[in-house]
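Work through the exercises below with the sequence and the structure open. Each task is followed by a solution in steps.

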Amino acid sequence: MTGDQLEVGVGPWAGDPPADPRYDPELLAEGDRRNVVDRYRYWRREAVVADLDRRRHDFHVAIENWQHDLNIGTVVRNANAFLAAEVHIVGRRRWNRRGAMVTDRYQHVRHHETIEEFAAWAADRDLPVVGIDNLPGSRPLETTSLPRRCALLFGQEGPGLSEAARSACDQLFSIAQYGSTRSINAGVASGIAMHAWIRAHAGPPPA
């Protein structure tokens, strides 16, 4: 579903309310206008997160945030759509949540002050750090498979991965481009990379 096709929500529950504790009495009474799939209509937020946690995938997503990057909200939204284990914000703690379209309420987000701190966190979990950037020596994402367990790392809009981030990467992949622009933004790149992981490792989504 694209941003232009978002559901407008549903009205109050018709008939006797369900006894299932996953349902939110307020939403049942007033209607549910959240941007959630139908299976989660009227559910409490905590119940939605708990159900997602049972099915989260084995990849993490990290993005550098040294200049208050506006792409971070889109990265978080993509991570929710593809059910990443966690999103890691590296650098500044504050980020513009508008682009996340409230999906950060359902997605685990962790902060790291530095790339070194993030890299140490990943190393403690034997989690390869995979950089996505069109750099010399990067392998084409289109011709290989991402590791099942990994952390996809994206840089700032414009400069891409910082030198410290490049040094922290175990592998580097590039996304093929065919037009005149030198780069695509991190929000778009994250969606492409996450979907590449989905194609390689994930089954069909729930009905």
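**Exercise 1. A residue in a strand**

In which strand does Ser 174 lie? Then decide whether Ser 174 is buried or exposed, and list what is in contact with Ser 174 beyond its neighbours within four places in sequence.

Solution. The model is a predicted one.
- Step 1: Ser 174 belongs to strand β7, which covers residues 171–174.
- Step 2: The relative accessible area of Ser 174 is 14%. Buried means under 20%, so Ser 174 is buried.
- Step 3: With neighbours within four places in sequence left aside, the contacts of Ser 174 are Asp 133, Asn 134, Ser 138, Arg 139, Pro 140, Leu 141 and Glu 142.

**Exercise 2. The chain as a whole**

State how many helices and strands the protein chain has, and in which pattern they follow along the sequence. Then check the radius of gyration against that of a compact globule.

Solution. 
- Step 1: The protein chain has six helices and seven strands.
- Step 2: Read along the sequence, the pattern is α-α-β-α-β-β-α-β-β-β-α-β-α.
- Step 3: For 207 residues, a compact globule would have a radius of gyration near 17 Å; the protein chain has 18 Å, so the two agree.
- Step 4: The C-alpha trace spans about 60 × 40 × 35 Å along its principal axes.
- Step 5: Of the 207 residues, 43% are buried. The accessible surface is about 11400 Å², and carbon and sulfur atoms account for 50% of that surface.
- Step 6: Take the contacts between residues at least 6 apart in sequence: 64% of them join residues at least 24 apart.
- Step 7: The chain has 25 positive and 27 negative charges, and their mean positions are 1 Å apart.

**Exercise 3. Positive phi**

Where do Leu 83 and Val 102 lie?

Solution. 
- Step 1: Most residues other than glycine have a negative phi.
- Step 2: Leu 83 follows α3 and is placed in the loop between α3 and β2. Its phi is positive, near 60°.
- Step 3: Leu 83 has a relative accessible area of 7% and is therefore buried.
- Step 4: Val 102 sits in the loop between β2 and β3 (109–112), and its phi is near 70°, again a positive value.
- Step 5: The relative accessibility of Val 102 is 41%, so Val 102 counts as partly exposed.

**Exercise 4. Sequence and space**

Compare separation along the chain with C-alpha distance for His 195 and Ala 81, for Arg 97 and Arg 77, and for Gly 91 and Ala 50.

Solution. 
- Step 1: His 195, in helix α6, is partly exposed at 38%. His 195 and Ala 81 are 114 residues apart in sequence and 9.8 Å apart in space.
- Step 2: Arg 97, in the loop between β2 and β3, is partly exposed at 43%. Arg 97 and Arg 77 are 20 residues apart in sequence and 9.6 Å apart in space.
- Step 3: Gly 91, in strand β2, is buried at 5%. Gly 91 and Ala 50 are 41 residues apart along the chain, and 28 Å separates their C-alpha atoms.
- Step 4: Beyond neighbours within four places in sequence, Gly 91 is in contact with Asn 65, Trp 66, His 111, His 112 and Glu 113.

Note on methods:
Residues are numbered from 1 along each chain as its sequence is written. This is a predicted model: local features need pLDDT of at least 70, side-chain atom pairs count only at pLDDT 80 or more; totals for chains, interfaces and linings use all residues. Side-chain values use heavy atoms; hydrogens and water are left out. Helices (H or I, at least four residues) and strands (E, at least two) are DSSP runs, numbered from the N terminus. The radius of gyration is taken over C-alpha atoms; the globule rule is 2.2 Å times the number of residues to the power 0.38. Buried means under 20% relative accessible area, exposed over 50%, partly exposed in between (1.4 Å probe, protein chains only). Contact means heavy atoms within 4.5 Å. Accessible areas come from the Shrake-Rupley method with a 1.4 Å probe; for residues, only the protein chains shown count as cover. Lys and Arg count as positive and Asp and Glu as negative; His and the chain ends are not counted. The place of a charge is taken as NZ of Lys, CZ of Arg, CG of Asp or CD of Glu.
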